[in-house]
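The sequence and the structure are shown first.

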Amino acid sequence: MQVRVLADAPASVRAGALALPIFAGGDLSSVAKTIDDALGGAVAEVLSSGEISGKPFELALVHAKGQPYSRVLLVGLGEKEKFEPYLLARYAGAAVRYLGKRKVTNIAFVLPENVKGNESAAAGFVVEGALTGTIDTSIYQNDPDRTIKVEQISLLAEGFDRAALERGAARGQIIGEAVNAARRMALTPANDMTPTHLAARARELAQEANLEIDVLDEDRMRSLGMGSLLSVAQGSDQPATLTVLTYKGDPSSKEVLALVGKGITFDSGGISIKPAEKMHEMKYDMSGAAAVIAAMSAIGKLRPKINVIGIAPATENLPGPGATKPGDIFRAMNGKTIEVINTDAEGRLILADGLCYAAKLGATKIVDAATLTGACVIALGHAASAAMGNNEAFVQEFLTAAKPTGERYWEMPLYEDYSTAVKSEIADLSNSAGRPAGTLTAGAFLKAFVDNTPWIHLDVAGTAYLDNESAWQAKGPTGTPVRAFVALAEALAESDGKVHPNGAKAAVKAGAGA
Ligand code: BES
Ligand code: MN
Ligand code: ZN
């Protein structure tokens, strides 16, 4: 998709459609008035008819006879008082999906007047949303029935800071493409998206973004003592991989942010096998790893002044002759022994070694992301990801950085009780503490592998993919937490990679996301 920033006045732009934002209950903006005049009052008529009232992402199409633009798409943006820039991603996504399905290939976007002074962010969100709107789920169909045809979008700069729009658009393109890369990886079924293929995809993205890459095979894992990761892989014929992407944006600094993502390319549950219903969705169980790889590609292109490594341990979790049996005990890279009570609690097992390896590579801060627990979906549904960690200032810095992206995170506690719950009779740790606080006992398990390094765990089980489409995005993978990862790297780059001692004070209250 081609992205342009045009100086043209909205009323004179050539396009298949002009997208026009409409706030609920408000008066027509001056641009909307101009368009309305040109169309002989057609815009005001649609509004007064009640066909659209400006509720979030309501749509109404007006044909524009005799104008340089063929149509006007009115898009509801909700109440002006509740406006946040990230809503522009949904505005653009909704327009692209509605028009693109109707074979419109060229859309010009009018920006709301209230983004003046904040043009760069606004343009970023429009471009990001337009790009993420284009993905659809029919990628394996011979005649895809849900293709979105949009080839070109334009941002209309009249009345705005054009240079800021250009900057924002370039950034939005990088973010949108990264989000889509993560979504495509997740959408790809497990017979194609093997651990080896995931590493190969990382290699392609690393090349584009100028990142160093190292892919560990099982022999290297064994010599590093990654018995926990290997225990999950032993039921599958597919060899495990552990991909490391390195970005050095601040070579003079010793600070290193590590992003670690769960890469279970298929989770059958292993010997503790899952019920058949919904098991196919477990191809998405590598969404954390996909987000790490995609976020690294964006970071490599955006070049913030910070060092970041991305770590993606990947394997299938299958029953097989060599598979882990409940009760088996393994030793992780840091020497801790783990009793595997439930082979379906495999994500924490591969992350354990991923987290140890992050420390070995010099990480001074770690964030991991995983579709880790069904309990997280019970707790927060699909509305937010769970965030927890061992350093409150770092958690607050993350929440503050993530909030403007539109991805939602809600902090949950890691009380000592949960660490007690994951102790084993016979080994140092048990991989399952049963149903109570399942998300938090999983977090407490991971905590045993990070020592004192500031660390955050994100459980994205309810947010990495969705069962329903919305006006602005297809159903299926969402790309969460690519945006938050990139935002955190940029925020830390601004603060020289150090957690502010007063970070907790400066930050908004935990999870106060929209
Ligand atoms: N990948 C699943 C978690 C999951 C479930 C993600 C549903 C998305 C939707 C994870 O590996 C798992 O099976 N977790 C178990 C842990 C339990 C055995 C302690 C779970 O949540 O049931
Ligand atoms: Mn599982
Ligand atoms: Zn899993």
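A nitrogen atom of ligand 1 lies 3.4 Å from a backbone N or O atom of leucine 372, a polar contact in the sense of a pair of N or O atoms within 3.5 Å. Ligand 1 taken alone exposes 520 Å², of which the protein buries 80% (Shrake-Rupley method, 1.4 Å probe).

This is a predicted model, in which local features need pLDDT of at least 70 and side-chain atom pairs pLDDT 80 or more, while totals for chains, interfaces and linings use all residues. Residues are numbered from 1 along each chain as its sequence is written, ligands are numbered from 1 in the order in which they are written, and side-chain values use heavy atoms, without hydrogens and water.

## The surrounding shell

Around ligand 1 there are 17 residues (a heavy atom within 4 Å), and Asp267, Lys274, Asp344, Glu346 and Gly374 come nearest. The shell comprises seven charged, five polar and five nonpolar residues, with Asp, Glu, Lys and Arg counted as charged and Gly among the polar.

## Salt bridges

The structure holds 22 salt bridges (a side-chain nitrogen of Lys or Arg within 4 Å of a carboxyl oxygen of Asp or Glu). One of them joins arginine 97 and glutamate 469, at 3.3 Å from N to O. Because arginine 97 belongs to helix H3 and glutamate 469 to the loop between strands S19 and S20, this pair ties together parts 372 residues apart in sequence (helices of at least four residues and strands of at least two are DSSP runs).

Technical notes: A polar contact is a pair of N or O atoms within 3.5 Å; within protein, one must be able to donate a hydrogen and the other to accept it, and residues adjacent in sequence count only if both atoms are side-chain atoms.
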